[in-house]
Amino acid sequence: MLISRKYQIPDFQREFTWGKSDFQTLAEDILQSEKKSTTPFLGTFMFIGVQGDDVVKITDGQQRLTSIFIFLACLRDKLYEIKKDNYADAIQERFLCQRDNENSLQATLETNATYKYVDHIIVNKNPYYTDDDFDKNNDEIQKFKVAQKVFGKSLERHSNQSDKEYFNWLSSIRDTITSAFAINLFSAEKKEAYLAFESLNSKGQPLSDLDLIKNRIIYTAENQHFVAKFVDIWRSAREKNAALKQKIFVGYRDHDSIDQWLMISVLKSNSVLDENIFPRGNYWLYKSFTNYFTNFNEGIDSKYLKIINQFEVYSEALHEIYFPNRNNWNSQTGKRIYRNFGFLSLLLNSDYVNDPSLLDMLTELFMVAYHKCKSTKYFNDTLLLEITDFILGSCILFGVVSQASQLVIADRGKQVYFRSSLENSLHKFNSISTKADAYTIVSELKTLLFLFHRVNKHNALFSSVHFTKKTGNDKIKRFENVTSKYILECVFLLENNVSLVDQGMSVEHIVPESTQKDYSDNLGNLTLLEDSTNSGAADTPVREKVKNYYPQSRNKDVLQLVIPLFQNITHQEEKTKIDERTRILESKFFSYSESLFRI
């Protein structure tokens, strides 16, 4: 199998998908073959090229071949550890690398993207690269590291024997794997190889719809320059999405991945998929994609480019919510958008949602708006701010924070109406092409939320919201904190008429949190106070705070409401005053919301 040639991984190949159990199975197969003195069968491999070529491209077998090279690299390292450098060098120069015309060692497995980690760190041990040169959060690189650990541990099975016995065993492992056989299939026609890639899964994990869509675009594209551009954009977007894998929970839970959910959103916005699309059997997304593009004989590259560019911007939008870059939002409007991201990143990421499909639509709405803002002149930052305000207001109003917090509109019919209205607006939003259209849709959304805020103004939705400084891993408490702070900041904006809440403001418990009274964490016991003043007030009694600390604040809510309400308070009045303040805050929050969404 491992004859002297260079193996290349072509652009249409999928990302590395093998995991710990796959590595363990491969290692055990090799060790058992050595123990039984049998020759392991590695399965079927398919290559673009002919039998005698010095360079071939892997069509099927990429996962296994890459893993075998990593296993050999681990075996080489074990030989170096026991000072058998000649034997280790032989593996390095015979199987893992080849010498070029200038007598320099080049990796036998020629890779791209994150596979460079395999080349430079694992196989070739390039001294000019270290782990720090690669993204530590990259999903594929983490899998490569898992492979190293699994293979390294399997090769320590007899390390407690004498050096000679251990060396003999490692040598036997080397002979076993290098004598392994496989069925190699070659195709000189690239199109045949691409088509074979669709149907061959061999021992690897089944191909996803995204793998097949990528493959389809590459082999039906008209121009190779486009293919190179497409592959770069595709790889960049999917690496960005991989960084979100452990961060984001909603939006793709019913799909295979964040990437697939994003692609569905992109294809829906381009009318490739029906707006009411739902899974219809295996590879439904790929089949829908293929059926749509079968009728295009010319100009297909431009249509593909539109889709992949939009996929990249949607990925960027999702990443911006969870990892916002302040430098991208320096204007006054931008600063408010950036502030909204801080709330959205938690509210859209709740594990305790009442309506996941509503969250899907709200997230998709942001991605569409972000894309319009980035790709058109008629959709500006002001409109993007109004969209983020709308999403935040919807999240708060419909209680996406948690079911336990009871922020739920009682009338289910109203929720259904809101969702259907949002779905209709989202459909129209995808097709807008003028500034007038953009303002019309945003106005419709603002009016919709205005009506729902108005009808729920006196429902005491926030009477059970709490703010707890020590939340630990309790997500309900953490998300209630987000809601509390958002309401307080909305009241601050209403009272102080400023464009942005000062970064030095933090939540203050009026009746000290340390009293541990059952009402001390209630919304009515909270206000925003400058950090410097807040740290001084700390757990001092209410009267002392009102007398010595609160007059220093520039928050009108503190000066005009908190001080008069709490300055002569007795212990017996605390709960009554806090409940009264809760109702006042709710009223002011709805007043702010109505002013925000009134047309």
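How many helices and strands does the protein chain have? In this predicted model, the protein chain has 22 helices and nine strands. Of its 599 residues, 53% count as buried. Contacts between residues at least 6 apart in sequence were examined for their range; 72% of them join residues at least 24 apart. The protein chain exposes about 26,800 Å². Carbon and sulfur atoms supply 47% of that area.

The largest nonpolar core has 108 residues. Within this core, F379 and F390 have the most contacts. The partners of F390 include L362, L365 and F418, with neighbours within four places in sequence left aside. L422, L445, L449 and F597 are also in contact with F390. Another core lies apart from the largest one and has 51 residues. Among its members are L26, Y117, L155 and A180.

E364 lies in helix α14, which covers residues 356-375. Its relative accessible area is 6%, so E364 counts as buried, the limit being under 20%. Not counting residues up to four places away in sequence, E364 touches W261, S265, K268 and L426.

Of the 20 residues of α2, 18 are buried, so the helix is largely enclosed by the rest of the structure.

The backbone just after α2 was then inspected. K83 follows there with a positive phi of about 70 degrees, although K83 is not a glycine. Most residues other than glycine have a negative phi. K83 sits in the loop between α2 and α3, the latter covering residues 85-96. With a relative accessible area of 68%, K83 is exposed, because the value is over 50%.

S37 gives another case of positive phi. Its phi is near 55 degrees, and S37 is likewise a residue other than glycine. S37 lies in the loop between α1 (20-36) and β2 (41-48). At 69% relative accessibility, S37 counts as exposed.

Helix α1 also contains D29. The relative accessible area of D29 is 41%, so this residue is partly exposed. D29 and L42 are 13 residues apart along the chain. Their C-alpha atoms are separated by 9.5 Å.

F41, F181, I183 and L185 form a nonpolar patch on the surface. Together these four residues have about 360 Å² of accessible area. Which strand supplies the largest share of the nonpolar patch? Strand β7, covering residues 181-187, contributes three residues. I183 is found in this strand, β7. At 43% relative accessibility, I183 counts as partly exposed, because the value lies between the 20% and 50% limits.

How values were computed:
Residues are numbered from 1 along each chain as its sequence is written. This is a predicted model: local features need pLDDT of at least 70, side-chain atom pairs count only at pLDDT 80 or more; totals for chains, interfaces and linings use all residues. Side-chain values use heavy atoms; hydrogens and water are left out. A nonpolar core is a set of buried Ala, Val, Leu, Ile, Met, Phe, Trp, Tyr and Cys residues joined through side-chain atoms within 4.5 Å. Buried means under 20% relative accessible area, exposed over 50%, partly exposed in between (1.4 Å probe, protein chains only). Contact means heavy atoms within 4.5 Å. Helices (H or I, at least four residues) and strands (E, at least two) are DSSP runs, numbered from the N terminus. Patches are made of residues with over 30% relative accessible area and no salt bridge: like charges are joined within 9 Å, nonpolar side chains (Val, Leu, Ile, Met, Phe, Trp, Tyr) within 5 Å. Accessible areas come from the Shrake-Rupley method with a 1.4 Å probe; for residues, only the protein chains shown count as cover. A salt bridge is a side-chain nitrogen of Lys or Arg within 4 Å of a carboxyl oxygen of Asp or Glu.
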